[in-house]
Each structure stands twice: as structure tokens, then as C-alpha cells.
Amino acid sequence: MSDTTFSWNGDAVPFRPGETLAAALLRANHGLPRYFCGIGACQSCVVRCDGRLVEACITLARAGARVVDADE
Ligand code: FES
């Protein structure tokens with residue numbers, strides 16, 4: 001995996017410096033199961049990142065991170 005991608009349900013997703021998981025997923029047309037407020041308030045975008053539940057809209061993308069659906 002390159003320095004500028006993370007994995008989403010097994011697919012490599014590129015991201016730009018300072019980009020959140022949600023922004024990168026939406027830009028790459030991977031989408032999210034749910035996305036509403038975009039400010040970390042509604043919890044609708046929660047995913048599992050390296051085993052931890054996080055809000056995708058406020059969590060910065062990190063090279064090599066393994067991100068999956070929250071129920072994985
Ligand atoms: S979209 Fe509401 S917490 Fe992320």
C-alpha cells in the first residue's frame with residue numbers, strides 16, 4: 001500500500017494531507033453507509049478504524065489505516 005492510501009473494506013482509497021476519512025471516501029466515490037451532520041455530532045458516519053470506532057467525518061485519514069464498516 002502506498003503512503004497516501006488507507007483501506008476501506010479492503011479497497012485502497014487515496015487521500016490528501018489533512019483530509020478526513022469521510023472526505024476521502026466521498027471524493028473517491030466509495031461513499032459511506034450513512035453521512036449526515038459532517039461535524040461529529042450525529043454518529044451516523046461511525047466506522048471502525050484500526051479496531052476503534054470513530055466518526056469518519058472528523059477523523060483524519062492516515063496512511064495504512066484499515067477502515068471497515070462499524071459492524072465488522
Ligand atoms: S456525519 Fe454526523 S458524526 Fe459524522
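Which residue in β5 does valine 47 stand opposite?

Mentor: Valine 47 stands opposite aspartate 69 in β5. Before going further, a word on what you are looking at: this is a predicted model, in which local features need pLDDT of at least 70 and side-chain atom pairs count only at pLDDT 80 or more, while totals for chains, interfaces and linings use all residues. Residues are numbered from 1 along each chain as its sequence is written, and side-chain values use heavy atoms, with hydrogens and water left out.

The chain has 1 helix and 5 strands (helices are DSSP runs of H or I with at least four residues, strands are runs of E with at least two, and both are numbered from the N terminus). Read from the N terminus, the elements follow the pattern β-β-α-β-β-β. The 5 strands make an open sheet in the order β2-β1-β5-β3-β4, with mixed pairing; here two strands pair if DSSP finds at least two bridges between them. At the edges are β2 (11–14) and β4, each of which pairs on one side only. From one strand to the next, the twist averages 40° (axes are lines fitted to C-alpha atoms, for helices over the stretch in contact, and angles run from 0 to 180 degrees between N-to-C directions).

Now to the strand pairs around valine 47. β3 and β5 run antiparallel and are joined by 3 bridges. β3 and β4 also run antiparallel, with 4 bridges between them, and the bridge partner of valine 47 in β4 is valine 54. As background, strands of a sheet pair through backbone hydrogen bonds, either parallel or antiparallel.

Aspartate 50 lies in the loop between β3 (46–49) and β4 (52–55), and arginine 62 in the loop between β4 and β5 (66–69), so the pair ties together parts that are 12 residues apart in sequence. Aspartate 50 is partly exposed at 39% relative accessibility, and arginine 62 is partly exposed at 44%. For these words, buried means under 20% relative accessible area, exposed over 50%, and partly exposed in between, using a 1.4 Å probe and protein chains only.

The whole structure holds 2 salt bridges. In one of them, the side chains of arginine 27 and glutamate 19 meet at 2.8 Å, N to O. Arginine 27 is partly exposed, with a relative accessible area of 36%, whereas glutamate 19 is buried at 12%.

Valine 47 also belongs to the largest nonpolar core, which has 18 residues; Phe6, Trp8, Leu21, Leu32, Val47, Ala56 and Val67 touch the most other members. Such a core is a set of buried Ala, Val, Leu, Ile, Met, Phe, Trp, Tyr and Cys residues joined through side-chain atoms within 4.5 Å. β1, α1 (21–27) and β3 are the elements that give two or more residues to this core, and α1 gives the largest share, 4 residues. Contact here means heavy atoms within 4.5 Å.

For comparison, look at two residues elsewhere. Threonine 5, in strand β1 (residues 5–8), is buried with a relative accessible area of 10%. Phenylalanine 15 lies in the loop between β2 and α1 and is buried at 14% relative accessibility. Leaving aside neighbours within four places in sequence, the contacts of phenylalanine 15 include Thr5, Arg27 and Arg62.

Finally, step back to the whole chain. Buried residues make up 40% of its 72 residues, and the C-alpha atoms fill a box of roughly 30 × 25 × 20 Å, taken along the principal axes.

Key
A salt bridge is a side-chain nitrogen of Lys or Arg within 4 Å of a carboxyl oxygen of Asp or Glu.
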